[in-house]
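Below is a briefing on the fold and packing of one chain. Please look over the model before reading the points.

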Amino acid sequence: MNHIYIIECEDGTLYTGWTNNLEKRFAAHCAGKGAKYTRSHKPKAIVYEESFDTPQAAMAREYQIKRMSRKKKLDLIASREKHGL
């Protein structure tokens, strides 16, 4: 399974990425071995996740989310939380 995810960092910023192993990737971010961005913006929690059958579908969705404004990302996160997903 392939996942896109949004991490909330301790400074309140958001990071979006994709992986085929969400737990391992988050641990790498927390250990400072993930993306360059999360090395300087310490990850706090995964606040959003979607699953896809193919890496291509996950990367396409990641691209869509990365192009969203911060407000739209927060709305996306809130809509998931509102529906208990």
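In what order do the elements of the chain run from the N terminus on? The order is β-β-α-α-β-α-α, with helices (H or I, at least four residues) and strands (E, at least two) taken as DSSP runs numbered from the N terminus. This is a predicted model, in which local features need pLDDT of at least 70, side-chain atom pairs count only at pLDDT 80 or more, and totals for chains, interfaces and linings use all residues. Residues are numbered from 1 along each chain as its sequence is written, and side-chain values use heavy atoms, with hydrogens and water left out.

**Helix 3**
- A58, R61, E62 and I65 are the buried residues of helix 3, where buried means under 20% relative accessible area and exposed over 50%, with partly exposed in between (1.4 Å probe, protein chains only).
- These buried residues line one face of helix 3, because they fall within an arc of 105° seen down its axis, the arc being that of the directions from the helix axis to the C-beta atoms.
- Q56 and Y63, on the other side of helix 3, are exposed.

**Whole chain**
- Of the 85 residues of the chain, 35% count as buried.
- The C-alpha trace spans about 30 × 25 × 25 Å along its principal axes.
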